[in-house]
Amino acid sequence: MSNARTAVKTSNTRRPGVAWRVVLDRAEPLIEWIIRLCGWSAIFFVFAIFFFVFWEAVPALFGGVNLIEFFTSTRWQPSSEVRPEYGILALLVGTVSVTALAMAIAVPLGLGAAVFISEFCSGKLKEILKIVIELLAAIPSIVWGFVGYMVLGPIIIWATGAAVGVNLLNGGIILALMSVPIIVSVGEDALKAVPDSYREAALSLGASRWEIVYRVLFPAAKNGLLAAVLLGVGRAIGETMAVLMCTGHAVQIPHGLLDPICTLTATIASELGESVSGGMHYSVLFMIGLVLFLITFAVNLAADLVVKGVRNEQR
Amino acid sequence: MSLRFNLILFCLLLAVLACGCDRSRENSVAIRNEGSDTMVNIAQAWAEQYNQKHEDVSVQVLGGGSGVGIASLIDGNCDMANTSRKMKPDEMKIVREKRGDEPKEFIVGYDALAIYVHKRNPLESISMEELADLYGEEGKLTKWFELGVPVGTLGTDKIIRINRQSGSGTYFYFRKAVLGKGKDMKLGSIGANGSKDAVSLVSRTPAAIGYSGMGYATDDVKILKVSRRRGEPGVAPTVANARSGAYPITRPLRIYTIGEPAGPVKEYIDWILSPEGQEIVLQLGYVPMESNE
Amino acid sequence: MAFHSNSISPPPSPLAPLPKGEGRNPFAPSALEKHKKIKETAAQWVLAAITLMLVVPVAAILGYLFVKALPVLSFSFLFDNPANRMTAGGIWAPLVGTFFLVLISLAAAAPIGILAGVYLNEYARDNWITRSINLAVMNLAGVPSIVHGLFGVGAFVLFAGMGRSLLAASCTLAVMTLPVIVTSTREALAAVPMSFREACWNMGATRWQTIRTIVLPNSISGILTGVILQVSRAAGETAPILFTGAVFFMPTPPHGWESFFPYGLDDYCMALSMHLFTLATQVRGVSDEYLYGTAVVLVGLVLVVNSASIVLRGYLRSRKKW
């Protein structure tokens, strides 16, 4: 293809356009530095995100908010005239509960679909299913939120007799649908990474395909599958618009699946616009952002370490 | 907005046909108007109507919330801030410090906050005391039968309170009007993300009660009459009742400027207060000012 | 892979005693084998059902959205500006806003992302810096979108002094979508066989010459796929632009070409995702068809862009000669 042609191009000095090529070659040290800087930019941006969110949270972190109360109080009364209270326990519980529910739905579905696509399909069907999963991942979160709000809410009221349609269950289902694609695709990669010789050995011993899956592939790919689940968890924790529209945004500890809840992300999205810029409420919202950043950082780090475990094992 | 790069030309710039050009029209005036989401509908309507009469004046309307509008006014990003609440004393102080001038307030209409319930709900009226009992932090009211709604009509007996997100102008006003100064709302109510959201949540939730501007009413919800005290006859949120003060939860819609407005901004505000501008207020389901004629 | 064919069951074990009696098939599966076969079939059907449970409801939902949106979907819905306080007209202004957001964020993210991918695949050695870059890319992808929005407020709106503007929103989106481009570029470069590079180096070319003339031209398809994925991601996001530049409503002049391209870099802008949110929660008197119509256009846009990337990938993969 182009390798032969371009090789000719570079060696043919009489062709027009040679001047800028010479410039490009001469500038190699400069260009290499630019490339290096771009390469390091990811680290820079992660630090920048931490720094700027931290900077805006400083007034609350040092002087405004009692950290113990912040994490242990369920009273979120940020715009009280008498005594504003910033306790995020209810929001944390909301985030955790909706994520847990979403995972309870998404993990069996996602891993099941990953196994089906990887081990029980072949040819066209496999390709089509992979494309469909990829397209599922592309649907914007605001559309999922809209679906939960307009379509799923009334269905939940009709089916369960719940008092209100926007609740934990609604958010959990929507988040599950949103995080399934990532679980499927990472899980499928993990199964694909198991060498075929494992499968062939099991097959030659008379194992059925199902036995191969749960006796051989699950143990062999367990780290990859765990990473898939963790990435799904990360996605679910960080999701904003969908939970804002689907969970009802009520500051309380949920007692059942049908209670409305409030999450960390949704609180920021719904209250930042109305809080006075530079004020304490504003700063506390950035502090919540910092908490979210640290949580997702930890989850991603865990996923990374788990994947690294896979590589070391295979070595 | 003096220098605006045309973005389409910006694309061409990427194709090495660079061109930035100044697009500010010399003989036209732009008024920037920012603030309350409650008022953004009406402000847009004013802007559209005014532009048809005065081609040379374009009014740009932006929402974002009362607080956003005031912040923007202080920073000089807009000429007029729409608010559904009164400017806070510390905000006034910042205005004086930063701009060296007094903020000037215009009341341009009224908004009656209606209490909405699902259309299947047999309740007809509610008192301010009951509302305070329902929404207030110390309030005990949580069941529909306590309000006289027979058990079983709404699927569940629990009252689903629909609130607005903490910090919005409507939230502040409702809290002050219903609970009184210095009181807090009960936690655990659903926080709607906008005036329309509150009404449409009520329309899809039989056991819900919520509040929002009376202009947001739809066929799927019922508006309750409101009385000041338990047992007194309720008053419906109508233009006449809101104007006379008989309806208890009526708030003025305000526009703030820095100092006494002059030139096009003054003409625009005068037009808003004229019968023609007030007619639009009425059309959109808000309450116009008492006409002087 | 050979064992994917459904019809062949494992042969009977040679150690099993042969069945006695004349009428019996000596190759008939034993009870254990039958049991295994049943289990396997059951598992296969259950897993197929699970996969269907993912695909069918989503397809149904999308179909439902589309059917509900049908009454408003028309040429003028796409190309008219919102009118009558957003209850009539079309969605042109938000559509253009999304287009500009995507374009500018792409212009910022693509060069940085591609060069970062080049660095990671071509220059970086396996040391702690590279490992932390990889970790940073992964984290950047995992940071919640609303935290990106907060970062945009702190860094671009306040610190860089851009104010809430199209530019600030685009920069926020650019940072958020950077990892998409980095990862896919790195994968695309890794797919170029090492022998290509070695051949080029043996001709006396430097590292950069090799990258420029051999590696990049041969991996352009994969890089393009990543870029397209970035576009679809940036087009659909709401949370990062909520506080950095997107607004409820931007007035558009009724006529003139400014009504087609209403935004300057320092202006606020409308965006399709934000428009859907405001229509659903704030604007009075919008008929439901408008909501569904906006949602369908947004989903359609993203899905079309994504399908384009998939088609492109398939096409270019089929043309690969190595």
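**View 1. Helix 5 of chain A comes within 9 Å of helix 11 of chain A, axis to axis.** Here, in a predicted model, we're looking at residues 89-120 (helix 5) and residues 222-238 (helix 11), whose axes cross at roughly 140°. That angle makes helix 5 of chain A oblique to helix 11 of chain A. The crossing is right-handed. On the helix 5 side, look for A:T95, A:T99, A:A102, A:M103, A:A106, A:V107, A:G110 and A:L111. Helix 11 of chain A answers with A:L225, A:V229, A:G232, A:V233, A:A236 and A:I237. Sort the residues of this contact by class and you get 10 nonpolar, four polar and no charged.

**View 2. Chain A splits into domain 1 (2-64) and domain 2 (76-314).** Going by C-alpha atoms, the centres of these two domains of chain A sit 33 Å apart. Where they touch, domain 1 of chain A puts in 10 residues and domain 2 of chain A puts in eight. The domain 1 side of that contact has eight nonpolar residues, plus one polar and one charged.

**View 3. Strand 4 of chain B (residues 103-118) pairs with strand 10 of chain B (residues 250-258).** The two run antiparallel, with nine bridges between them.

Notes. Residues are numbered from 1 along each chain as its sequence is written. Chains are lettered from A and ligands numbered from 1 in the order in which they are written. This is a predicted model: local features need pLDDT of at least 70, side-chain atom pairs count only at pLDDT 80 or more; totals for chains, interfaces and linings use all residues. Domain bounds come from an automatic or database domain assignment. Two residues are in contact if their C-beta atoms, placed from the backbone, lie within 7 Å. Ala, Val, Leu, Ile, Met, Phe, Trp, Tyr, Cys and Pro count as nonpolar, Asp, Glu, Lys and Arg as charged, and the others, Gly among them, as polar. Axes are lines fitted to C-alpha atoms, for helices over the stretch in contact, and angles run from 0 to 180 degrees between N-to-C directions. Helices (H or I, at least four residues) and strands (E, at least two) are DSSP runs, numbered from the N terminus. Angles under 35 degrees count as roughly parallel, over 145 as roughly antiparallel, 65 to 115 as roughly perpendicular and the rest as oblique. A crossing is left-handed if the near helix is turned anticlockwise from the far one by less than a right angle, and right-handed if clockwise. Two strands pair if DSSP finds at least two bridges between them.
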